[in-house]
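Colleague: Let's go through this model term by term. I will ask what each label rests on.

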Amino acid sequence: YLIMDPVSKWPSGWGWDNKNDTGLHPEDTNGNYCGVGGENVGHKWLADAHVQLCNRAGIRIAGTNAEVMKSQWEYQTSPSDVISAADGLWITRFLLGRLAEQRGLAISYAPKPFEDYNGSGAHINFSTKEMREEGGEEYFTYICDILKDNHKKVMESYGTDNKKRLTGKHETSKYNKFTYGVSDRTASVRIPLSTSRNWKGHLEDRRPAANMDPYDAFLSLYKVVSTIETGVLV
């Protein structure tokens with residue numbers, strides 16, 4: 001998500017040129033990603049307060065970090081069943097919005113606010129019982145091939161204006177092409193290094209946009225993954 005000034009419609013902390021009445025771009029973005037210090041990141045207080053509020057509400061947050069754009073942040077919810085994950089994501093968004101409004105800020109989930117900067121995604125980490133307990137490289141390759149065969153249909157549920165984000169640049173895959181690979185941040189689906197070590201664990205679907213509806217996205221992914229067991233698209 002990107003923290004915005006709701007009046008200027010410009011990212012908070014980027015600066016404003018009053019003379020020309022236009023927004024300014026950060027001079028240096030190299031220190032933003034997972035950075036510390038006010039010269040690198042903005043509004044860490046908001047990210048930290050959001051974690052505390054979500055945990056108090058019973059929604060466990062597994063981690064958070066400053067992202068590539070200044071004032072862009074990410075958080076990860078802890079593993080849960082699919083319905084709880086979708087419910088929890090909507091509540092975390094609500095709580096984040098309430099926290100932001102207290103300081104006169106707004107939250108943007110737009111997939112690609114600026115062409116020359118990284119966009120905002122909503123990566124889905126998922127696994128089946130067999131992925132966790134049985135595994136095997138052949139099984140994971142088979143799952144990825146199933147995802148590839150259904151790529152076009154699933155993308156319809158992965159967020160609005162997602163094509164602007166998935167360009168093959170800025171750590172993304174291309175919108176119309178499915179790829180996968182071990183520890184590959186440019187792939188549609190990344191096989192985590194921890195999974196590839198003994199071929200048990202989860203996969204990371206990096207295609208969804210930050211503005212996706214989790215109920216639609218999770219259902220589309222479930223329908224595809226369910227064919228692994230039944231051979232029939234639900």
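Colleague: What makes strand 10 and strand 11 a pair, and in which sense do they run?

Modeller: Strand 10 (residues 189-191) and strand 11 (residues 203-205) are joined by 2 bridges, in the antiparallel sense. Two strands pair if DSSP finds at least two bridges between them, so strand 10 and strand 11 qualify with 2. Arg190 has Glu204 in strand 11 as its bridge partner. The model is predicted: local features need pLDDT of at least 70, side-chain atom pairs count only at pLDDT 80 or more, and totals for chains, interfaces and linings use all residues. Residues are numbered from 1 along each chain as its sequence is written, and side-chain values use heavy atoms, with hydrogens and water left out.

Colleague: Where do the element numbers come from?

Modeller: Helices (H or I, at least four residues) and strands (E, at least two) are DSSP runs, counted from the N terminus.

Colleague: Which strands form the open sheet with mixed pairing, and in what order?

Modeller: The order is 8-11-10-9, with 4 strands in the sheet. From one strand to the next, the twist averages 25°.

Colleague: Why is one side of strand 8 and of strand 9 left without a neighbour in the sheet?

Modeller: Strand 8 (124-126) and strand 9 (180-182) are at the edges and have a single partner strand each, so one side of each lacks a neighbour in the sheet.

Colleague: Take Val182, found in strand 9. Is Val182 buried, partly exposed or exposed?

Modeller: Its relative accessibility is 40%. Buried means under 20% relative accessible area, exposed over 50%, partly exposed in between (1.4 Å probe, protein chains only). Val182, at 40%, is therefore partly exposed.

Colleague: What does Val182 touch, leaving out residues up to four places away in sequence?

Modeller: Ile191, Leu193, Ser196 and Trp199. Contact means heavy atoms within 4.5 Å. As for Ser194, 12 residues from Val182 along the chain, the two C-alpha atoms are 9.5 Å apart.

Colleague: What are the order and pairing of the open sheet of 3 strands?

Modeller: The order is 2-1-7 and the pairing is antiparallel. Strand 2 (10-11) and strand 7 (106-108) are the edge strands, each pairing on one side only. Strand 1 (residues 2-5) has 2 bridges to strand 2 and 3 bridges to strand 7. Asp5 is bridged to Trp10 in strand 2, and Met4 faces Ala106 in strand 7.

Colleague: How many residues lie between the strands of the hairpin of strand 1 and strand 2?

Modeller: There are 4, and Lys9 in the turn has a positive phi of about 60°. In the hairpin of strand 5 and strand 6, with 6 residues between the strands, Ser71 has a positive phi near 70°.

Colleague: How many bridges join strand 5 to strand 6?

Modeller: Strand 5 (residues 61-66) and strand 6 (residues 73-77) run antiparallel and share 5 bridges. Asn65 sits opposite Glu74, and Ala66 opposite Trp73.

Colleague: Why are helix 1 and helix 2 called oblique to each other?

Modeller: Helix 1 (residues 44-56) and helix 2 (residues 82-102) pack at about 135°, with axes 10 Å apart. Axes are lines fitted to C-alpha atoms, for helices over the stretch in contact, and angles run from 0 to 180 degrees between N-to-C directions. Under 35 degrees is roughly parallel, over 145 roughly antiparallel, 65 to 115 roughly perpendicular, the rest oblique. Helix 1 and helix 2 are therefore oblique.

Colleague: Which residues of helix 1 and helix 2 meet?

Modeller: Helix 1 brings Trp45, Leu46, Ala49, His50, Leu53 and Cys54; helix 2 brings Thr92, Leu95, Leu96, Leu99 and Ala100. By class, this contact of helix 1 with helix 2 has 9 nonpolar, 2 polar and no charged residues. (Ala, Val, Leu, Ile, Met, Phe, Trp, Tyr, Cys and Pro count as nonpolar, Asp, Glu, Lys and Arg as charged, the others, Gly among them, as polar.)

Colleague: Two loop residues remain. Are Val36 and Pro79 buried or exposed?

Modeller: Val36 lies in the loop between strand 4 (22-23) and helix 1. Val36 has a relative accessible area of 60%, so Val36 is exposed. Pro79 lies in the loop between strand 6 and helix 2. Pro79 reaches 83% relative accessibility and therefore counts as exposed. Pro79 and Tyr117 are 29 Å apart, C-alpha to C-alpha, and 38 residues apart in sequence.
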